[in-house]
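I opened the model today to look up a few helices and some of their residues. My notes follow in the order I made them.

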Amino acid sequence: MAAASYIYRTLTKDQIDDKILAECASLFSKNYGIWAPDAPKPLKPGKRVMMNAGKLRQQCISDAEHTVLAVCTLDGVLIGHAFAVVWQTDGGSLICWVTQLVVEQSHRQKGVATALIQTLPGENFGEVDLFGIASSHPAACLSLLKRTKALDLDFIRNQGPTVLASATVDYLKTGQLRGSLFDPKDASGAVSTIFTNFYVDHAEPLSVLGDVISKHGKWPLGSLLDGHEFLVIARAS
Ligand SMILES: CC(C)(COP(=O)(O)OP(=O)(O)OC[C@H]1O[C@@H](n2cnc3c(N)ncnc32)[C@H](O)[C@@H]1OP(=O)(O)O)[C@@H](O)C(=O)NCCC(=O)NCCS
């Protein structure tokens with residue numbers, strides 16, 4: 001019998017039903033991460049970041065017409081997903097923003113996140129000009145950069161305020177650009193980050209960051225402070 005292989009699909013508004021949302025919520029709750037030791041109440045430090053289908057719909061599908069969900073299944077079981085939203089920035093560019101990306105732990109480092117992002121934004125939306133992500137996980141940033149032209153910090157500096165000003169995603173509307181890219185007096189070590197008030201534990205992402213720096217010799221986005229996420233905005237390749 002042939003070995004099963006990963007199957008990738010993109011789903012839009014009418015295809016994102018309660019069943020797939022429940023599967024995504026379950027995958028997220030088991031695999032996303034844990035709350036940071038300094039996570040404010042009522043969050044529970046050390047406990048898993050949990051999600052249910054209703055919360056997922058509220059957080060990731062607030063603009064259903066412009067939302068796409070990329071899924072990866074193996075033998076019919078969901079093992080990875082990426083939610084993304086498409087909108088037009090004030091500068092007139094069409095941007096595809098990855099709002100949530102998670103891969104089941106035993107299927108990581110096999111290119112699943114990279115392949116999910118390659119399918120975005122899917123046929124319904126056609127070509128976009130830009131891609132963006134805010135994530136504490138270096139691998140999420142690296143997987144996005146496979147779908148874009150090379151990282152250009154000046155481009156992020158110029159586009160960051162425009163993209164945030166036009167964002168349709170709640171955590172971006174209230175997010176604050178932080179790091180030396182946006183404030184030359186910022187001496188925190190952060191370069192391109194955004195304060196989203198999201199206190200997920202950084203132990204795993206920082207351990208991956210150590211590996212990435214060993215492999216690539218550098219990490220251009222700088223340090224990751226509590227409650228912050230790395231920020232990547234880049235031209236589609
Ligand atoms: C972030 C995440 C989605 C990456 O998924 P993945 O399928 O393992 O990613 P990929 O295999 O496509 O790898 C992408 C890049 O990151 C690198 N990478 C991934 N995991 C790594 C690790 N543990 N150590 C070093 N590099 C790693 C890969 O080598 C690849 O880079 P390369 O092509 O230059 O070699 C996954 O780790 C995850 O679900 N994490 C928890 C949730 C999270 O933090 N999501 C992001 C928030 S939006």
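Which helix does Gln 159 lie in? I found Gln 159 in helix α5. I note at the outset that this is a predicted model.

**Entry 1: helix α5.** I looked up the extent of α5 and got residues 153–166, which is 14 residues. From the first C-alpha to the last, α5 reaches 20 Å, close to the 20 Å expected at 1.5 Å a residue. I then checked α5 for bends and found a kink of about 40 degrees at Gln 159, shortly before the proline Pro 161. At the start of the helix I looked at Asp 152: one of its side-chain oxygens comes to within 3.1 Å of the backbone nitrogen of Asp 154.

**Entry 2: the buried side of the list.** I asked which residues of α5 are buried. They are Phe 155, Ile 156, Gln 159, Gly 160, Val 163, Leu 164 and Ser 166. I followed up two of these.

Gln 159 has a relative accessible area of 18%, and because the cut-off for buried is under 20%, Gln 159 counts as buried. Not counting residues up to four places away in sequence, I find Gln 159 touching Leu 130 and Ile 233.

Ser 166 also lies in α5. Its relative accessibility is 12%, so I put Ser 166 down as buried. The side chain of Ser 166 reaches the backbone oxygen of Val 163 at 3.1 Å. With neighbours within four places in sequence left aside, I list Trp 87, Gln 88, Thr 89 and Asp 90 as contacts of Ser 166.

**Entry 3: Leu 142.** I located Leu 142 in helix α4, residues 138–145. Leaving aside neighbours within four places in sequence, Leu 142 is in contact with Val 212, His 216 and Trp 219. I also took a distance from Leu 142 to Asp 170: C-alpha to C-alpha they are 24 Å apart in space, and 28 residues apart in sequence.

**Entry 4: α1 against α2.** At what angle do helix α1 and helix α2 pack? I got about 95 degrees between α1 (residues 18–31) and α2 (residues 53–60), with the axes 8 Å apart. α1 is therefore roughly perpendicular to α2. On the α1 side I listed Asp 18, Leu 21, Ala 22, Cys 24 and Ala 25 as making the contact. On the α2 side the contact is made by Ala 53, Leu 56 and Arg 57.

Notes
Residues numbered from 1 in each chain as written. Predicted model: local features only at pLDDT ≥ 70, side-chain atom pairs only at ≥ 80, totals over all residues. Heavy atoms only, no water. Helix = DSSP H or I, 4+ residues; strand = E, 2+ residues; numbered from the N terminus. Expected span 1.5 Å × (residues − 1). Bend = angle between axes of the 7 residues up to and from the residue. Buried < 20%, exposed > 50% of the residue type's maximum accessible area, 1.4 Å probe, protein only. Polar contact = N/O pair within 3.5 Å; in protein donor to acceptor, adjacent residues only side chain to side chain. Contact = heavy atoms within 4.5 Å. Axes fitted to C-alpha atoms, helices over the stretch in contact; angles between N-to-C directions. Parallel < 35°, antiparallel > 145°, perpendicular 65-115°, else oblique.
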